[in-house]
Amino acid sequence: QTGDVFVSIDGRRMKSFATVQRYVSPRADREIEATLSRNGTEYTVTIMPERLETEDRFGNKMEQGIIGITSDPDNAQFQEIEYGPVSAIVEAHKETGYIIARTGSYLYGVITGRERADQIGGPIRVAQVSGQVATLGFVALLNLAAILSISIGLLNLLPIPVLDGGHLLFYAIEAVRGRPLSRSSMEYGYRFGFALLIALMVFATWNDLIQLFGRT
């Protein structure tokens, strides 16, 4: 009802309506337990966010979980929070953790078949989104640059030969075996990793082309 306030979801405190949106969005078709406050009394409901395709202000399509509510514009309370050097690092660490967790959750969803793989984009989509975000100002563009930097770093740590994560994998195998892998084994590993990266790039570029020409 109008005036209800989210207290927590799945035991996690909700600081703002934006926090509710960020928690609900990646949990389509999965039950969540929400605690709300109405006239000083708390009650708990079980909700299953519905998977819907939405569009952002630039017309980019995406799937996300929706529970069919909006914030009350007449009673919305906006806050502007300024952080010092130390607290800013702490908040940046939390935001980085959220981006990594959200990316990992999406990739896991793709592997298990719960998520569609058409959200994986390549250089064409990066250029397109960068141009769109640039129209919103420097701060928005800086935020996008941070997200891309985190995403590239996360990709580089995947246990795929030719990436840094692949080298760490070889080191781990060497530590367990007590001796390094043979040169031929490493060579085949690098070939497999290179082929996998090429396949991923082709797939991402194909998604970009489908999205780009599918809208025209």
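Student: Which residues of H5 are buried?

Tutor: In this predicted model, the buried residues of H5 are Gly165, Gly166 and Phe170, where buried means under 20% relative accessible area, exposed means over 50% and partly exposed lies in between, with a 1.4 Å probe and protein chains only. Seen down the axis of H5, these residues fall within an arc of 145 degrees, so they line one face of the helix; the arc is that of the directions from the helix axis to the C-beta atoms.

Student: And what's on the face turned away from the buried side of H5?

Tutor: That face carries the exposed residues Tyr171 and Ala175.

Student: How many residues does H5 have, and how far does it reach?

Tutor: H5 covers residues 164-177, which is 14 residues, and from its first C-alpha to its last it reaches 20 Å, close to the 20 Å expected at 1.5 Å a residue. The expected span is 1.5 Å times one less than the number of residues, and helices (H or I, at least four residues) and strands (E, at least two) are DSSP runs numbered from the N terminus. Just after H5, Gly178 takes a positive phi of about 85 degrees.

Student: Before we go on, how are residues numbered, and what limits apply to the model?

Tutor: Residues are numbered from 1 along each chain as its sequence is written. Because the model is predicted, local features need pLDDT of at least 70 and side-chain atom pairs count only at pLDDT 80 or more, while totals for chains, interfaces and linings use all residues, and side-chain values use heavy atoms, with hydrogens and water left out.

Student: OK, aromatics: how many aromatic pairs does the structure hold?

Tutor: The structure holds one aromatic pair. The rings of Phe170 and Tyr190 have centres 5.6 Å apart and planes at 80 degrees, so the pair is edge-to-face; rings of Phe, Tyr and Trp (its six-membered ring) pair if their centres lie within 6.5 Å, and planes under 30 degrees apart count as stacked, over 60 as edge-to-face and the rest as tilted. Phe170 lies in helix H5 and Tyr190 in helix H6 (residues 183-214), so the pair ties together parts that are 20 residues apart in sequence.

Student: Is Tyr190 buried, exposed or partly exposed?

Tutor: Tyr190 is partly exposed, with a relative accessible area of 26%, whereas Phe170 counts as buried at 11%.

Student: What does Val162 touch?

Tutor: Not counting residues up to four places away in sequence, Val162 touches Tyr190, Gly193, Phe194 and Leu197, a contact being heavy atoms within 4.5 Å. Val162 itself lies in the loop between helix H4 (138-156) and H5.

Student: Switching topic, what makes up the largest nonpolar core?

Tutor: There are nine residues in all, namely Phe6, Ile9, Met14, Val20, Tyr23, Val24, Ile32, Ala34 and Leu36; such a core is a set of buried Ala, Val, Leu, Ile, Met, Phe, Trp, Tyr and Cys residues joined through side-chain atoms within 4.5 Å. Strand E1 (5-9), helix H1 (17-24) and strand E3 (32-38) each supply at least two residues of this core.

Student: And which residues of H1 are buried?

Tutor: The buried residues of H1 are Val20, Tyr23 and Val24, and they cover an arc of only 90 degrees around the axis, which puts them on the same side of H1.
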